[in-house]
Amino acid sequence: MLTLGLKYSIFVFISSSVVQILEVLGNPTERLERMKFEVSFENALYFAIVTLMTVGYGDFVPYTTLGRLWVTCTIIFAAYLVAREIGQVTD
């Protein structure tokens, strides 16, 4: 159980760090730039946790193409990771 928590913590940390980097480096369109939130590590961490827990409030969203691609891949991998770990726990 400890390894599951460690894996998930590392995954959330990496995910939030990459979202923060991609949103800072990206170039959102002019329409979306007006709605952009402050890209701090705290906001990126909050976004990663809310997204990976499938709550998805929608108060923070990635505006750049790279950020959106990363979040899409992260969600798919998180679903796989959770399903795999649940399968191992039940066996």
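1. Tyr80 is partly exposed, at 46% relative accessibility (buried is under 20% relative accessible area, exposed over 50%, partly exposed in between; 1.4 Å probe, protein chains only). The model is predicted: local features need pLDDT of at least 70 and side-chain atom pairs count only at pLDDT 80 or more, while totals for chains, interfaces and linings use all residues. Residues are numbered from 1 along each chain as its sequence is written, and side-chain values use heavy atoms, without hydrogens and water.

2. Searching the whole structure gives two aromatic pairs (rings of Phe, Tyr and Trp, the last by its six-membered ring, with centres within 6.5 Å; planes under 30 degrees apart are stacked, over 60 edge-to-face, the rest tilted). Phe11 and Phe77 make a tilted pair, with 5.2 Å between centres and 45° between planes. This pair links distant parts of the chain, 66 residues apart: Phe11 sits in helix H1 (residues 2-25) and Phe77 in helix H4 (residues 65-90). Helices are DSSP runs of H or I, at least four residues, numbered from the N terminus. Phe11 is buried at 14% relative accessible area, whereas Phe77 is partly exposed at 40%.

3. Phe77 also pairs with Tyr80, again tilted, at 6.0 Å centre to centre and 45° between the planes. Both residues belong to helix H4 and are three residues apart, about one turn of the helix.

4. The whole structure holds one salt bridge (a side-chain nitrogen of Lys or Arg within 4 Å of a carboxyl oxygen of Asp or Glu). Arg84 and Glu85 form it, their closest N and O atoms lying 2.9 Å apart. Arg84 is partly exposed at 31% relative accessibility; Glu85 is buried at 6%.

Conventions
Helix = DSSP H or I, 4+ residues; strand = E, 2+ residues; numbered from the N terminus.
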